[in-house]
Amino acid sequence: MKKIILSAVFMCVFNVMAFGATATTRTDWNSTAAVNRVNTIGTKIIKANGIGQAITFKVSDQADINAYANINKEVYVYRGLLEYVTSDEELAAVISHELGHILNGHCAKQGVLNTGVNILANVAARKVGTLAAGVGQQLVSTKMSRKDEFEADITGVDLMTKAGYNPLAMISVLNKICGNYVDIFQTHPSGEKRLLNIYNYVEYNYPAKLKTGFKSESYTKALTLLTPTVQKRHNSASLTKKYEKEQKKLLAKKEKRMAKAAKTSTIWDGYYTTLQLMAQ
Ligand SMILES: [Zn+2]
């Protein structure tokens, strides 16, 4: 019990200092504009990637920096997150990440209705000690979910790139979210591995994008963080070889996983319809 209270206190500090977010519902918030924005970007990504699944986008008037996908193939974006992202590119990254969870079958795998997989499900969240108050109620911190995050990140990179968005925005927005934890705890960034996973994937699959770069303070900070590791690999033939092997393996695994999820999704759709009918 004590641990939970402590964590809640940390989260209050985190929210106020890092995000300036308040817990109140704003009356001046233009929810129609927000829904349109999320819908426009989400639909663009879906169309560009020929995603046949019926996915709906929803906006929630809550101050948390949060977004999640659920088994009902709904992608929820919170007001707090909409106010936090600094460009449509960053919002596209968040939406693509959530779509990545759906397409990889992560939501169906959870097997529980209304269990979401969350943009914040990273190592940093666990570092706080327990689930983040108001942010992580639907977040299951397991080894499995960490793996899911890595998978959703790279699938998200593919999805947004195909829709014409800069995949480096994925690094930018995640570094902002993970990085703020670092400022408070003054320790090594827990999200570094996740950022490196995305950077390596972009370098291997979309090298031209790295040359273009991405204009945001957060991306610049992430580059400073990742450059020593990347440079070390560039300077080492054996590390480069290992990296190329890993990337090939990653692609093969991703294709296999997506194909399996596409099949499973059809089966699950049947189960889900039955469950809904039974609930009526
Ligand atoms: Zn996620």
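These are my notebook entries on a predicted model of one protein chain.

**Ground rules.** I number residues from 1 along each chain as its sequence is written.

**Overview.** I looked up the make-up of the protein chain and found 12 helices and 4 strands. Both are DSSP runs numbered from the N terminus: helices are H or I with at least four residues, strands are E with at least two. Buried residues make up 39% of the 280 residues. I call a residue buried if 20 or more other C-beta atoms lie within 10 Å of its own, exposed if 12 or fewer, and partly exposed in between, with C-beta atoms placed from the backbone. I then looked at contacts, meaning pairs of residues whose C-beta atoms, placed from the backbone, lie within 7 Å. Among contacts between residues at least 6 apart in sequence, 69% join residues at least 24 apart.

**Helix α2.** I traced α2 over residues 31–48, which is 18 residues. From first C-alpha to last it reaches 26 Å, close to the expected 26 Å; the expected span is 1.5 Å times one less than the number of residues. Which residues of α2 are buried? I found Val38, Ile41, Gly42 and Ile45. They sit on the same side of α2 because they cover an arc of only 95° around the axis, the arc being that of the directions from the helix axis to the C-beta atoms. On the other side of α2, I noted Thr32, Ala33, Asn36 and Lys47 as exposed.

Asparagine 49 lies in the loop between α2 and β1. I counted it as partly exposed, with 18 other C-beta atoms within 10 Å. Leaving out residues up to four places away in sequence, asparagine 49 touches Leu159, Lys162 and Ala163. Asparagine 49 and threonine 161 are 112 residues apart in sequence, yet 9.6 Å apart in space, C-alpha to C-alpha. Glycine 50, which follows α2, has a positive phi near 55°.

**Strands β1 and β3.** In β1 (residues 56–60), I saw Phe57 and Val59 on the covered face, and Thr56, Lys58 and Ser60 on the uncovered one. β1 pairs with β3 in the parallel sense over 5 bridges; strands pair if DSSP finds at least two bridges between them. Lysine 58 stands opposite tyrosine 76 in β3.

**Lysine 73.** Where is lysine 73? It lies in the loop between β2 (67–69) and β3 (74–78). Most residues other than glycine have a negative phi. Lysine 73 has a positive one, near 60°.

**Core.** I looked up the largest nonpolar core, which has 50 residues. Such a core is a set of buried Ala, Val, Leu, Ile, Met, Phe, Trp, Tyr and Cys residues joined through C-beta atoms within 7 Å. Among the members touching the most others are Val77, Ala92 and Ile198. Helix α4 (residues 88–103) gives the most to this core, with 8 residues. Not counting residues up to four places away in sequence, alanine 92 touches residues including Ile41, Ile45 and Ala163.

**Helix α11.** This helix (residues 217–234) reaches 24 Å from its first C-alpha to its last. I found a kink of about 45° at leucine 226, shortly before proline 228; the bend is the angle between axes fitted to the seven residues ending there and the seven starting there. Ser218, Tyr219, Ala222 and Leu225 are buried in α11.

Note on methods. Predicted model: local features only at pLDDT ≥ 70, side-chain atom pairs only at ≥ 80, totals over all residues. Contact = placed C-beta atoms within 7 Å.
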